Amino acid sequence: MGSGTGSEARDGADRAGERVLVLVNEERARAGCAPVTANGRLARAADAHSGVMAASGVMSHTGPDGSTMADRVGAAGYEWAALGENIARGQADAASVMAAWMDSPGHRANILNCSFEELGVGVRMGDGGPWWTQDFGTGR
């Protein structure tokens, strides 16, 4: 996802996010879970958080302003009953980040949590990135 125009980088990030959704659903199917569907509000929250991490150079579930995942998802207009978030930094593509998440017990638990119904993925290419965020949710 090298250099190019901002629009080319955004297109590459969008494709990477779509690929993550496919890979998540493959893992969920193997575990006997229903697929998650893409949710635009969760995607906006995830993308914004990836952008904040890229701009600050800090990988954290807490934003520099103290915001939590619940704060960010709520601000994006998602009314939730359950939430989960995975973040990562530096994996070159969707397959690499999914492999890293599946090798981590906490991240794997979010991916294979059969109660989650929706997913938003954010990817930013900033320094030290790509910066990845998955926001899982079950709406109210």
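Predicted model: local features only at pLDDT ≥ 70, side-chain atom pairs only at ≥ 80, totals over all residues.
Visitor: Why is Ser50 called buried?

Guide: Ser50, which lies in helix α2, has a relative accessibility of 0%, and because buried means under 20%, Ser50 counts as buried. Leaving out residues up to four places away in sequence, Ser50 touches Gly122, Val123, Arg124, Trp131, Trp132 and Thr133.

Visitor: And why is Arg140 called exposed?

Guide: Arg140, whose place is in the segment after β4, has a relative accessibility of 75%; since exposed means over 50%, Arg140 counts as exposed.

Visitor: What makes the pair formed by Arg140 and Trp80 a polar contact?

Guide: A polar atom of the Arg140 side chain lies 3.1 Å from the backbone oxygen of Trp80, and because the cut-off for a pair of N or O atoms is 3.5 Å, the value of 3.1 Å falls within that limit.

Visitor: How do you know that the buried residues of α4 line one face of the helix?

Guide: The buried residues in α4, which spans residues 94-102, are Ala94, Val97, Met98, Trp101 and Met102. Seen down the axis of α4, these buried residues fall within an arc of 130°, so they line one face of the helix. As background, an α-helix has 3.6 residues a turn, so residues three or four places apart point the same way.

Visitor: What makes Asp93 a cap of α4?

Guide: A side-chain oxygen of Asp93 lies 3.3 Å from the backbone nitrogen of Ala95, and Asp93 caps the N-terminal end of α4 in this way; the value is to be set against a limit of 3.5 Å.

Visitor: Which residues of the largest nonpolar core touch the most other members?

Guide: Of its 19 residues, those are Val20, Val24, Met98, Trp101, Ile111, Leu119 and Trp132. At least two residues of this core come from each of α1 (6-30), α4, β3 (118-124) and β4 (131-139). Apart from it lies another core, of six residues, including Leu42, Val73, Ala76 and Tyr78. As for Val24, the residues that Val24 touches, not counting those up to four places away in sequence, are Val36, Met98, Ile111, Leu119, Gln134 and Phe136.

Visitor: What makes β1 and β2 edge strands of the sheet?

Guide: The open sheet has four strands in the order β1-β3-β4-β2, with mixed pairing, and the strands β1 (37-38) and β2 (80-89) each pair on one side only.

Visitor: What makes β3 a mostly covered strand?

Guide: Six of the seven residues of β3 are buried, each of these thus having under 20% relative accessible area.

Key
Residues numbered from 1 in each chain as written. Heavy atoms only, no water. Buried < 20%, exposed > 50% of the residue type's maximum accessible area, 1.4 Å probe, protein only. Arc of directions from axis to C-beta. Polar contact = N/O pair within 3.5 Å; in protein donor to acceptor, adjacent residues only side chain to side chain. Core = buried A, V, L, I, M, F, W, Y, C linked by side-chain atoms within 4.5 Å. Contact = heavy atoms within 4.5 Å. Pairing = 2+ DSSP bridges.
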